[in-house]
Amino acid sequence: MRLKQLLYLAFMIALASPILADAQIYKWKDKNGVTRYSDTPPPDNVKVDKIGKEKTTNSTPPAAKDTKPVETNGGQVDAEDAAAKLRARNAEIEKKNNEEKAAQAKLKAENCRAAKADYETFAQGGRIYQVNEKGEREYFDDAGLNERKAKAQSEMQQYCN
């Protein structure tokens, strides 16, 4: 019984061997000059020889061909690839510009709110103070109130328009 199983296994291996032998084999030299053989393509920057399924040729693997620009019409770069790269770059630049504009608009709105609040505070008058470096209160006189009110008004014109 054991002999039948071994013969069956040997027969199955014999049937599968042509399928395995039909695989694409790549031959290349690595950076140290050692010849390598593999069924997977080597890195993109390596000159490769294909052995097996196809006729042996000196070329780069398919992955490397896809990464280089295709030349057509006497050396001109493929227009579709160049246009796609340009659109992607322009979209990225536009996105950054929009984010910058949004941040500036947010800052301007915050400055406008602060200027309006200052204006209302100094327009009401009364006893308004600020705290100095020593932590003491310093009250504004009429000239100081008018000065700060004018400053708040000019800030409102700058940030709220």
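Author: Cysteine 112 and cysteine 160 are joined by a disulfide, with 1.8 Å from S to S, where a disulfide is a pair of cysteine sulfur atoms within 2.5 Å. Before going on, please note that this is a predicted model, in which local features need pLDDT of at least 70 and side-chain atom pairs count only at pLDDT 80 or more, while totals for chains, interfaces and linings use all residues. Residues are numbered from 1 along each chain as its sequence is written, and side-chain values use heavy atoms, with hydrogens and water left out.

Reader: Ok, and how many disulfides does a search of the whole structure find?

Author: The search of the whole structure finds 1 disulfide.

Reader: Which parts does the pair tie together?

Author: Cysteine 112 lies in helix α3 (residues 79-124) and cysteine 160 in the segment after α4 (142-159), so the pair links parts that are 48 residues apart in sequence. Helices here are DSSP runs of H or I with at least four residues, strands are runs of E with at least two, and both are numbered from the N terminus.

Reader: What about handedness, left or right?

Author: The disulfide of cysteine 112 and cysteine 160 is right-handed, because the torsion about its S-S bond is about 110°.

Reader: And is cysteine 112 buried or exposed?

Author: Cysteine 112 is buried, at a relative accessible area of 11%, whereas cysteine 160 is partly exposed, at 28%. Buried means under 20% relative accessible area, exposed means over 50%, and partly exposed lies in between, with a 1.4 Å probe and protein chains only.

Reader: Let's stay with α3: how far does it reach from its first C-alpha to its last?

Author: Helix α3 has 46 residues and spans 67 Å between those two atoms, close to the 68 Å expected at 1.5 Å a residue; the expected span is 1.5 Å times one less than the number of residues. Just after α3, glycine 125 adopts a positive phi of about 75°.

Reader: What do the buried residues of α3 pack against?

Author: They pack against α4, and among the residues of α3 that are buried are Cys112, Ala115 and Phe122.

Reader: Which residues does phenylalanine 122 contact, leaving aside neighbours within four places in sequence?

Author: With those neighbours set aside, phenylalanine 122 touches Ile128, Phe140, Leu145, Arg148 and Lys149, contact being heavy atoms within 4.5 Å. The C-alpha atoms of phenylalanine 122 and lysine 149 are 5.2 Å apart, although 27 residues separate the two along the chain. Phenylalanine 122 counts as buried because its relative accessibility is 8%.

Reader: Switching to charges, how many salt bridges are there?

Author: The count comes to 2 salt bridges, each being a side-chain nitrogen of Lys or Arg within 4 Å of a carboxyl oxygen of Asp or Glu. Arginine 36 pairs with aspartate 30, their closest N and O atoms lying 3.0 Å apart, and lysine 96 meets glutamate 92 at 3.8 Å, N to O.

Reader: What separates lysine 96 and glutamate 92 in the helix?

Author: About one helical turn, because lysine 96 and glutamate 92 are 4 residues apart in helix α3.

Reader: Last topic: which residues make the nonpolar surface patch?

Author: Tyr8, Phe11, Met12 and Leu15 make a patch of about 450 Å². Patches are made of residues with over 30% relative accessible area and no salt bridge, joining like charges within 9 Å and nonpolar side chains (Val, Leu, Ile, Met, Phe, Trp, Tyr) within 5 Å; accessible areas come from the Shrake-Rupley method with a 1.4 Å probe, and for residues only the protein chains shown count as cover. Methionine 12 sits in helix α1 (residues 2-21) and is partly exposed, at 37%.
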